[in-house]
Structures are given as structure tokens and as C-alpha cells.
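Keep the model open as you read.

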Amino acid sequence: MAEAVRWGILGTGKIARAFANALKEVPDARLAAVASRSSDKARAFAGEFGAGAAYGSYEELAAADGIDLVYVGTPHPQHAENALLALRAGKGVLCEKPFTMNLREAEQVVTLARSRRLFLMEAMWTRYLPAFLETKRIVESGEIGKVSQVVADFGFTASFGPEHRVFNPELGGGALLDLGIYPLSIATALLGPVQEIKAQAALGPTGVDVQTGFTLRHAGGAMSVCSCSFLARTPCELTVSGERGHVRMNTMFHRARSVTVALDDGSSRTIDTPYLGNGYVHEVIEAQRCWRAGLTESPAMKLEETLALMGVMDEIRRQIGLAYQADQPR
Ligand SMILES: NC(=O)c1ccc[n+]([C@@H]2O[C@H](COP(=O)([O-])OP(=O)(O)OC[C@H]3O[C@@H](n4cnc5c(N)ncnc54)[C@H](OP(=O)(O)O)[C@@H]3O)[C@@H](O)[C@H]2O)c1
């Protein structure tokens with residue numbers, strides 16, 4: 001077996017834990033180091049997940065030897081700063097979604113990675129799920145005819161206080177950045193670049209969006225109807241429809257283990273698709289595959305697309321009247 005890819009994780013929160021668990025499921029991945037703003041938390045995390053080293057600052061991990069790829073698992077407003085830190089130290093980066101707070105930050109990160117010829121990827125893990133790849137394959141095969149619509153939603157009831165990162169504007173709170181990016185990203189992957197945007201939202205007591213809906217017109221004329229919510233446990237479904245039928249990623253689409261094709265002749269079939277570990281395994285495999293091949297981005301989701309999606313979210317936020325500290329002129 002090839003030598004393991006050595007990962008460093010920035011942050012010790014919920015998603016960092018899920019990511020560390022995913023690494024355990026990938027035979028040629030190794031958790032080389034973890035960094036926290038607190039040495040105690042770093043040591044506890046390293047002990048629990050078997051990390052080779054624990055650092056009490058992100059800077060120390062970035063500067064350390066023996067790390068190939070850095071995973072950024074911090075709140076959204078820290079993504080750009082943390083990704084830049086790792087890239088400046090010559091490390092490849094897998095950065096959580098939303099990639100950054102806005103397009104301007106995303107451009108800074110992408111520009112640096114390109115200038116240093118370093119690997120960079122948005123951790124939009126659902127794009128690497130076999131259920132999504134099968135959906136895309138079926139659409140491209142022409143089986144459901146000319147495709148004109150995607151309908152996708154992502155919502156859960158967020159029963160957290162106003163200080164929690166999902167509601168706290170200082171931590172990038174809001175449904176669009178946290179959840180809306182999923183339907184947006186997957187609709188764009190299926191229908192192509194976004195040409196027109198119409199959005200509406202409900203803003204909550206902390207001033208961030210607690211529910212947002214947006215319709216998109218994509219290049220070629222197809223449309224998507226997307227929503228995200230912290231107010232309701234929505235079905236989290238994704239359906240792509242064409243002249244002759246539709247394909248659905250089953251159950252909640254981010255947990256899909258099968259897809260169903262239903263055609264206008266009344267027939268339908270369900271195809272089982274793999275789902276490794278907690279689902280994040282698939283993005284790890286893709287990041288490692290690309291990095292080992294010497295690629296600087298994933299062909300399955302190029303950085304141009306990451307940038308375009310950040311631009312779409314900027315425009316949705318403009319329409320719903322939602323700005324963050326990161327949007328202030330610097
Ligand atoms: N892909 C997915 O399915 C998924 C799921 C959940 C979240 N996410 C993304 O992952 C990111 C983190 O979400 P999470 O739910 O893991 O958050 P979390 O539980 O609050 O953890 C965030 C971690 O970031 C570090 N951090 C650095 N600066 C911070 C600051 N100013 N305030 C608070 N924490 C700070 C902290 O680690 P230290 O104290 O150890 O430094 C903290 O534990 C978000 O961008 C979110 O969108 C992705």
C-alpha cells in the first residue's frame with residue numbers, strides 16, 4: 001500500500017470529530033496532527049482519535065513537518081484565514097463549507113493556492129457521494145430526457161441559543177451559508193452555471209436568515225427551486241426532472257444510499273449506492289486521490305465552481321439583506 005496521506009486538522013468541534021472518524025475508515029489516511037486554540041483540547045482530541053501530534057495553536061500545526069493536507073473545520077468566518085495560513089506554509093487544504101464568507105475571501109484563498117501550485121478543495125462532501133454520482137450519470141445518459149428542473153431542500157429545526165454558531169452573526173450564522181449551499185451546489189452540478197437568481201428569506205432575532213428560498217435559472221434555461229431552513233425538519237430531498245421522468249436521491253439526500261428513477265411509462269427502479277462510514281469518507285478518498293496524482297483541485301468540483309457558488313451566495317444575501325463583518329471594506 002502507498003504511504004499514508006498525513007492529515008492535520010484545524011479545530012476540535014463537531015465536524016472535526018466527524019472528519020477524524022472518517023479518516024479512520026480510509027486505509028491510506030493518517031491523522032498526523034490536530035490543532036486547537038487550547039492545548040488541552042488538542043491533547044484530548046489527539047488522545048481520542050490517535051493523532052500523532054497535538055498543537056495549542058493553528059500556527060504551530062501549519063508550520064509543522066510531516067503534514068500533507070490540512071483540513072479546516074473551524075466556523076465559516078475563520079475559513080479564509082485558516083486556509084491561507086496552511087497554504088502559506090506550503091500545505092494542501094481541504095476547507096469546510098461554506099468555503100469562505102464571501103467571494104472576495106474565496107478569491108484570496110484560490111489565488112494563493114494557484115500561485116503556490118498547492119492542492120485546494122471545498123469540503124462539499126455530498127458532491128462525492130456515490131448516490132449523487134449515480135444521479136448525475138443517469139441524467140447524462142439521457143434516460144429521463146431533456147432535464148429542466150431540480151427541486152432541493154435542506155432544513156432542520158435548530159433548537160440552539162442565539163450564541164450558537166448557526167445563529168450568531170459573528171460566527172457566520174444563517175441558514176443560507178450553513179445549509180443553502182448544499183442544494184445550491186448540487187443543483188449547479190446537475191444543471192450548470194447560474195445565470196439568474198431570485199431569493200426571499202425570513203431573518204431571525206439575531207439578524208441572520210433562519211429560512212431562505214431561492215430559484216435559479218441555469219445556463220441552458222433549466223431552473224432549480226431550492227430552500228433551506230432552521231425552522232423546520234424538511235424532507236431534505238433532491239429530485240431532478242426531465243421530459244420523460246425524474247431521478248431522486250433517496251431519504252435525506254446527504255445520506256442517500258440509493259436513487260430512484262421513475263419514468264412516464266409508469267416504471268420505476270431503485271439503484272443501491274455505496275455510502276462509506278459517516279459519508280465524509282468519500283471526500284477524503286477524492287482529496288487523497290487528487291493530491292497523490294499531483295492535481296491542484298478536484299476535477300469533480302473545480303475551484304472555478306467554488307468561486308461561482310460564493311458569488312451566487314453573495315447575490316442571494318444582497319437580495320435578502322444579509323451582510324456580515326467579513327463584507328465590510330478592508
Ligand atoms: N460538512 C458537514 O456536514 C458539516 C457539518 C457541520 C459543520 N460543518 C462546517 O464546519 C464548520 C464548523 O462547524 P462545527 O459544527 O464543527 O462547529 P463547532 O462544533 O462550533 O466547532 C468549531 C471549532 O472551530 C474552532 N474555532 C476556531 N475559531 C473559533 C471561534 N472563533 N469560535 C468558535 N470556534 C472556533 C474551535 O476549535 P478549537 O477551540 O479547538 O480551536 C471549535 O471547536 C462550519 O463552517 C460548518 O459549516 C460542516
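In which loop does Cys236 lie? Look between strand S10 (223-229) and strand S11 (238-242), and you'll find Cys236 in the loop there; helices (H or I, at least four residues) and strands (E, at least two) are DSSP runs, numbered from the N terminus. Cys236 isn't a glycine, yet its phi is positive, about 55°. Most residues other than glycine have a negative phi, and most peptide bonds are trans. For a cis bond, go to Lys97 and Pro98, where omega is about -15°. Pro98 has its place in the loop between strand S5 (92-95) and helix H5 (103-116).

A quick word on ground rules: this is a predicted model, where local features need pLDDT of at least 70 and side-chain atom pairs count only at pLDDT 80 or more, while totals for chains, interfaces and linings use all residues. Residues are numbered from 1 along each chain as its sequence is written, and side-chain values use heavy atoms, with hydrogens and water left out.

Now for the ligand. Domain 1 (5-126 + 280-296) and domain 2 (130-274 + 310-327) both give residues to its shell, so the ligand lies between them; the domain bounds come from an automatic or database domain assignment. The shell holds 24 residues, the closest being Thr12, Ser36, Lys41, Tyr58 and Tyr280 (a residue belongs if one of its heavy atoms lies within 4 Å of the ligand). Helices H1 (14-24), H4 (76-88) and H7 (175-191) each supply at least two shell residues, and H4 gives the largest share, 3 residues.

On the side-chain side, an N or O atom of His76 is 2.8 Å from a ligand oxygen, and a polar atom of Arg165 lies 3.0 Å from one.

Technical notes:
Polar contact = N/O pair within 3.5 Å; in protein donor to acceptor, adjacent residues only side chain to side chain.
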